[in-house]
Amino acid sequence: MALGDDVLLEIDSEGGATITLNQPERRNALSTDISDGISAALAEIEASDARCVVLEGAGGAFSAGGDIESMVEGIENDVPADERVRALQRSTNDLIRTLIDFPVPTVALIDGPAVGAGANLALACDMQLASEDAVFGFVFRQVGLSVDAGTSYLLPRVVGENVAKELVLTGDIVDADRAKELGLVNHVYGRDELEDRVDEFVDTIVSGPPIALRHANRLIGEGLEKSLEQALTDEATAQGIVFETADHEEGVDAFFEDREPEYKGR
């Protein structure tokens, strides 16, 4: 299905969903149309039975980040700074919040550049898979800007404060192998194996117990903000919920029967 032509959504019968940023001529920059399209796609996915989401870009780029054309229009039309900030909050920032809090596990598939806000779009997903052609850059300085789209929240949590400052203050572009060393991506795949390896990765998540995995994903995402005592309490609360699911019973039965479980999401 299509959410306009700028963002495409496909939900398959096995529980996998794919969101494709589809403005390759603009390297999938985060225009308002793109941001709103991703948000609309996520809303459709949340209302479906999807168990895993892949976010990708068409045409050899994940996302080139901020919409430079909009920046030019803002300068030429002398749009007040506070009005531009409100627009940023309404589109990109709302999208980053939605992705970070999204209940279905999300996977960014980075094939080509992921720079500026586009790099943060990838980091806001739960996991990141990259092709050998992927590159990352927090290049806000190249257009005379500070950071936005969650850079100051996301990047230090992944690479540490000192490396985050280096990446932002220098604007260095890092290739896929260096990105993996820094923890910006989980895996890097060669061009000839990319599609199969990503499918295998997603299939592993889709085949798991969706209720339990959603709770686990949420708890890990919240963990850095909690005390140990709060984390233990919240884990116990989640287990109490999951103990009551048919999937838990199925998992135990399958273990003792030495077979693969068939999780139904209930």
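**Overall picture**

Me: What share of the 266 residues of the protein chain counts as buried?
Reply: This is a predicted model, in which local features need pLDDT of at least 70, side-chain atom pairs count only at pLDDT 80 or more, and totals for chains, interfaces and linings use all residues. Residues are numbered from 1 along each chain as its sequence is written, and side-chain values use heavy atoms, with hydrogens and water left out. Buried means under 20% relative accessible area, exposed over 50% and partly exposed in between, with a 1.4 Å probe and protein chains only. Of the 266 residues of the protein chain, the share that counts as buried is 42%.

Me: How many helices and strands are there in the protein chain?
Reply: Helices (H or I, at least four residues) and strands (E, at least two) are DSSP runs, numbered from the N terminus. Counted in this way, the protein chain has 11 helices and 10 strands.

Me: Of the contacts with a separation of 6 or more, what percentage comes from residues 24 or more positions apart?
Reply: A contact here means heavy atoms within 4.5 Å. Among the contacts in the protein chain with a separation of 6 or more, residues 24 or more positions apart account for 65%.

**The cores**

Me: Which residues touch the most other members of the largest nonpolar core?
Reply: A nonpolar core is a set of buried Ala, Val, Leu, Ile, Met, Phe, Trp, Tyr and Cys residues joined through side-chain atoms within 4.5 Å. The largest one has 49 residues, while another core of 13 residues lies apart from it, with Cys52, Leu129, Val198 and Val206 among its members. In the core of 49 residues, those that touch the most other members are Ile19, Ile38, Ile110, Phe136 and Leu184.

Me: Which residues does isoleucine 38 touch, not counting those up to four places away in sequence?
Reply: Isoleucine 38 is one of the residues that touch the most other members of the largest nonpolar core. Once residues up to four places away in sequence are set aside, isoleucine 38 touches Val7, Ile19, Leu21, Leu30, Leu55, Leu95 and Leu121.

**Around helix H5**

Me: Is leucine 155 buried or exposed?
Reply: Leucine 155 has its place in helix H5, which covers residues 151–159. Beyond four places in sequence, leucine 155 touches Leu123, Phe138, Gly150, Gly160, Ala164, Leu167, Val168 and Leu184. Its relative accessible area is 0%, so leucine 155 is buried.

Me: Where is alanine 149 found?
Reply: Phi of alanine 149 is near 60°, a positive value in a residue other than glycine. With a relative accessible area of 2%, alanine 149 is buried. Alanine 149 is found in the loop between strand E8 (135–137) and H5.

**Cysteines and threonines**

Me: How many disulfides does the count come to?
Reply: A disulfide is taken as a pair of cysteine sulfur atoms within 2.5 Å. The sulfur of cysteine 52 has its closest cysteine sulfur in cysteine 125, at 9.9 Å, which is too far for a bond. Cysteine 52 is buried, with a relative accessible area of 0%, and cysteine 125 is buried as well, at 5%. By this rule the count of disulfides is zero.

Me: With which residues is threonine 106 in contact, leaving aside its neighbours within four places in sequence?
Reply: Threonine 106 has its place in strand E5, residues 106–110, and is buried, with a relative accessible area of 1%. Leaving aside neighbours within four places in sequence, threonine 106 is in contact with Val53, Leu99, Cys125, Asp126 and Met127.

Me: What distance separates the C-alpha atoms of threonine 204 and cysteine 52?
Reply: Threonine 204 is found in helix H8, residues 194–206, and counts as exposed at 56% relative accessibility. Threonine 204 and cysteine 52 are 152 residues apart along the chain, and the distance between their C-alpha atoms is 9.8 Å.

**An aromatic pair**

Me: Why is the pair of phenylalanine 255 and phenylalanine 256 given its class, and which class is that?
Reply: Rings of Phe, Tyr and Trp (its six-membered ring) pair if their centres lie within 6.5 Å, and planes under 30 degrees apart count as stacked, over 60 as edge-to-face and the rest as tilted. The structure holds one aromatic pair. The ring centres of phenylalanine 255 and phenylalanine 256 are 5.4 Å apart and their planes are at 85°, so the pair is edge-to-face.
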